[in-house]
Amino acid sequence: MPETVLQAPGESHYDVLIIGAGMAGMAAAIRLAHFGKKVCLLERHTVIGGLNSFYKLGGRKYDVGLHAVTNYVPRGVRGTPLVKLLRQLRIHREELDLCEQLGSKVSFPGEELTFTNDFSVLESEVARAFPGQVDGFRALAGEVAAFGDLSGGGGGDPSARSVIRSHITDRGLEDMLLCPLMYYGSAREGDMDYSQFAIMFQAVYLEGFARPFEGVRRLTRTLLRKLREAGAERCMGCGVRELRIDRGRVAGVILDSGREVTAGAVLSSAGVTETLRLCREAREPEPPRNDDNVGRLSFVESITVFRGQPRDLGCDNTIIFYNDAGRFDYSVPGDLVDPRSGVICFPNNFDYGDRQLPEGFFRITCLANCDGWCSLPEKEYRAQKERWFETMVARALKFLRPVNRETLNERTLARDMFTPRTITRYTGHINGAVYGAPKKVKDGCTPYENLFLCGTDQGFLGITGAMLSGISMANRHVLSRKSDKSLEKMTQAP
Ligand SMILES: Cc1cc2nc3c(=O)[nH]c(=O)nc-3n(C[C@H](O)[C@H](O)[C@H](O)COP(=O)(O)OP(=O)(O)OC[C@H]3O[C@@H](n4cnc5c(N)ncnc54)[C@H](O)[C@@H]3O)c2cc1C
């Protein structure tokens with residue numbers, strides 16, 4: 001059946017309207033449509049995927065967002081986040097074509113820790129590099145594995161550093177363990193909430209990394225097919241300008257075109273503050289600013305496309321989390337970029353069997369200052385991109401010892417870079433904050449009775465997390481309102 005992509009909703013009333021066709025919004029729409037809900041996804045942009053998308057430049061397709069899908073577990077393992085989301089979205093494993101990582105590492109001055117999708121590798125690496133700490137590390141891993149509150153309840157959330165320090169005394173090891181988890185999922189500077197740390201520890205170390213051979217496009221195509229089969233509507237180029245509030249409820253959704261649509265419930269993946277800023281009470285023309293909970297952590301990413309494969313240059317790792325400073329500093333840099341730490345990703349280095357990507361890709365992600373990038377005049381913006389591209393590559397090459405600049409230059413076919421300005425423009429996230437607001441709204445509730453959050457600001461982060469968030473918020477706030485016993489059973493974790 002050919003898909004009809006609407007530019008305006010086909011109806012004027014829906015059971016549920018979903019703001020944003022990123023991973024969270026699409027997962028929520030599929031889930032709701034499976035249960036017969038009349039659902040419409042409203043997306044301001046003309047491409048799906050949100051932060052997890054791709055773009056075309058000079059005849060090539062570049063992935064945004066996806067370095068690796070986290071939470072990978074082999075076939076047969078039950079009850080984990082990836083298994084749950086595949087089941088609840090009725091996706092067969094083969095449809096995603098997930099291929100495991102070859103091996104990643106954390107590289108700090110004078111020390112490295114290798115890890116794979118087999119947790120015992122990291123355990124033995126800690127025992128080798130920090131022999132006095134390995135018992136504490138095992139105890140920490142045990143505590144994380146026993147942490148079950150992934151749906152998030154109320155109550156306080158201790159600092160991850162304080163929990164780590166109750167098991168591990170070496171600050172170097174503490175920083176090394178935190179570096180990948182912060183880069184892949186912390187909206188807080190310097191520390192993480194323990195619940196977030198536990199989710200990310202499980203996602204990265206206890207489970208692991210995988211990637212579809214075709215990258216982001218395989219993920220988004222699969223979700224699109226599911227949306228179509230389930231009968232959900234999708235309106236692209238269809239932004240939400242305002243949520244009209246009446247007596248504590250969303251009474252109407254006003255689109256950028258000025259058209260009004262109504263719904264029994266609205267699920268928003270736009271972010272907590274971003275969503276509340278859309279709400280307008282009839283008697284209060286200006287919404288409250290709610291600026292006390294906006295994220296600030298954003299990133300730049302450089303992409304070099306080169307002839308050959310990374311292994312031809314002696315690079316076998318999938319992802320390298322590096323830090324060149326005395327202590328690892330995860331915070332908004334004063335300058336446009338902090339090149340001292342970052343993430344190197346080689347999308348070629350997954351176990352694709354007989355297949356290989358036709359060209360080499362070398363991506364570097366570093367912390368960046370959104371205000372700085374957004375305030376540059378166009379000419380200066382381009383010059384700074386050029387300058388920081390060079391700096392980031394030079395710094396990252398220190399962690400890829402056999403590769404020198406000349407060899408890389410000789411093989412380079414194309415390059416590009418995106419900045420917080422790009423992220424803000426294409427996702428609407430305030431400050432280009434990839435991981436959203438520091439205070440997560442774990443129950444997904446807002447001050448308005450029929451308006452709920454899903455995605456990054458609900459608390460599950462990354463690609464797997466965003467999809468799980470969409471599913472769990474759809475289950476909790478829309479589907480579980482039914483008393484149908486079979487439905488309740490379906491919506492419980494496996
Ligand atoms: C460089 C980079 C690398 C990453 N690497 C990884 C990785 O390796 N592994 C991993 O798991 N995750 C990674 N991530 C994070 C991951 O991509 C995101 O966490 C995830 O995609 C978030 O999904 P979401 O649906 O919650 O939000 P988003 O993707 O932000 O989707 C929100 C959508 O809402 C739309 N929207 C906003 N406001 C409105 C409005 N008013 N009207 C209509 N539409 C609106 C936006 O246009 C957007 O499409 C990375 C991100 C970046 C930037």
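Visitor: What should I know about the model before going on?

Guide: It's a predicted model, where local features need pLDDT of at least 70 and side-chain atom pairs count only at pLDDT 80 or more, while totals for chains, interfaces and linings use all residues. Residues are numbered from 1 along each chain as its sequence is written, and side-chain values use heavy atoms, with hydrogens and water left out.

Visitor: Which residue in the hairpin of E3 and E4 takes a positive phi?

Guide: Look at Gly 58: its phi is near 55°, in a hairpin with two residues between the strands.

Visitor: What is the strand order in the open sheet of seven strands?

Guide: Read across, the order is E7-E6-E15-E16-E17-E14-E18, and the pairing is mixed. Strands E7 (111-115) and E18 (412-418) are at the edges with a single partner strand each, so one side of each has no neighbour in the sheet. On average, neighbouring strands are turned by 20° against each other, direction ignored (axes are lines fitted to C-alpha atoms; angles run from 0 to 180 degrees between N-to-C directions). At the E7 end, E6 (residues 104-108) pairs with E7 over five bridges in the antiparallel sense, and Lys 105 faces Thr 114 in E7.

Visitor: How many residues surround the ligand, and which are closest?

Guide: There are 33, with Glu 43, Leu 51, Gly 65, His 429 and Ile 463 the closest (near means a heavy atom within 4 Å). For polar contacts (N or O pairs within 3.5 Å), the side chains of Glu 43 and His 429 each put an N or O atom 2.6 Å from a ligand oxygen. A backbone N or O atom of Val 240 is 2.9 Å from a ligand nitrogen.

Visitor: How much of the ligand does the protein bury?

Guide: The protein buries 97% of the 1000 Å² that the ligand exposes alone (Shrake-Rupley, 1.4 Å probe). Helix H15 gives the largest share of the shell, three residues.

Terms used: A polar contact is a pair of N or O atoms within 3.5 Å; within protein, one must be able to donate a hydrogen and the other to accept it, and residues adjacent in sequence count only if both atoms are side-chain atoms. Helices (H or I, at least four residues) and strands (E, at least two) are DSSP runs, numbered from the N terminus. Two strands pair if DSSP finds at least two bridges between them.
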